[in-house]
Amino acid sequence: MRVERRFFPDRTRILFFDLEYYVPPEDRARPTLSGMRFSPHVPSHRLLGGAFLTYLPMLDRVASRHAFWTWSHADEAAMLRAMCAHLQAEWKPYADPHQEGTPILAGIGIGHSDVPCLAARIAQHGVMDPVQAHDLLYGCRQLDLGVASFGQFALNHPYFAYPKTKRQLYEKYADGKRIDPGRAVWDLCDRGDHAAIEARCREEVEDALAIYRAMCEAKHRSDAGLKRLKQLRRRLEPAAP
């Protein structure tokens, strides 16, 4: 029997998250095409952990905050198992056969960095069955703020669009707030300052939510302005004879 599925917006869950990485000194000048020094496929490079925030957009409310760090677990594999268990729990509201949709993974640069890193390290450690891991991560919709925001920036060429950097997002949506580059985490890790790494990561996740809200508010203002212009144009148009 065919079950009719519907999308219930009030059940939507957006998972803002950020991961932190460590690159050893000998690889910090490693030449790469993009300039990204960390690679999940280099054994000496480490995934330190990350912070997650579950946001309910229809209620504009944070439902939960969680963090997972290697120094709080036996090893990286144990930490990844805890992360996967958390993501599986976030899928539970969508288990209803009548519920359409998926959780949304959100953040800055997650599409080319964080999600592929998780997929690679989960596979390397054999944390989950590869098919289940793929469904868990890539079954989620992705909201990469650097990509989603490009339409709110001026286009200097009618057909040229490019994902925005973290710095550009902070300048436009976070009052130009300055943050240290990701490589600052390497020095903190060398000094064993785990508390500073955790605080930095939490702050970036909260910032991502604030930027998302600011993007939505900018869109609402833009829509309202266009609506007023259309109403004004209708009033100024000469009446048909």
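Two strands are said to pair if DSSP finds at least two bridges between them. Helices (H or I, at least four residues) and strands (E, at least two) are DSSP runs, numbered from the N terminus.

Good morning. The model before you is predicted: local features need pLDDT of at least 70, side-chain atom pairs count only at pLDDT 80 or more, and totals for chains, interfaces and linings use all residues. Residues are numbered from 1 along each chain as its sequence is written, and side-chain values use heavy atoms, with hydrogens and water left out.

I begin with the sheet. It is open, has 5 strands in the order E4-E3-E2-E6-E7, and its pairing is mixed. E4 and E7 (141-144) form the edges, each pairing on one side only. On average, neighbouring strands are turned by 25 degrees against each other, direction ignored.

Within this sheet, consider strand E3, residues 46-56. Of its 11 residues, 10 are buried (under 20% relative accessible area, with over 50% counted as exposed and partly exposed in between; 1.4 Å probe, protein chains only). E3 pairs with E2 (residues 14-22) in the antiparallel sense over 9 bridges, and with E4 (residues 61-69), also antiparallel, through 8 bridges. Leu53 illustrates both pairings: Leu53 is the bridge partner of Phe16, and in E4 the partner of Leu53 is Arg65. Ala51 in E3 stands opposite Asp18. The hairpin of E3 and E4 has 4 residues between the strands, and there Asp60 takes a positive phi near 50 degrees.

I turn to the helices. H2 (residues 110-125) lies across E2, E3, E6 (104-107) and E7, at about 75 degrees to E2. Axes are lines fitted to C-alpha atoms, for helices over the stretch in contact, and angles run from 0 to 180 degrees between N-to-C directions. The axes of H2 and H3 (residues 130-138) come within 10 Å and cross at roughly 165 degrees. H2 is therefore roughly antiparallel to H3, a label for angles over 145 degrees, whereas those under 35 count as roughly parallel, 65 to 115 as roughly perpendicular and the rest as oblique. In contact (heavy atoms within 4.5 Å) are residues including Leu118 and Ile122 in H2 and Leu137 in H3.

Finally, the cysteines. How many disulfides (cysteine sulfur pairs within 2.5 Å) does a search of the whole structure find? The search finds 0. For Cys84, the nearest cysteine sulfur, that of Cys140, is 11 Å away. Cys189 lies 13 Å, sulfur to sulfur, from the closest cysteine, Cys201, which is too far for a bond.

Technical notes
A disulfide is a pair of cysteine sulfur atoms within 2.5 Å.
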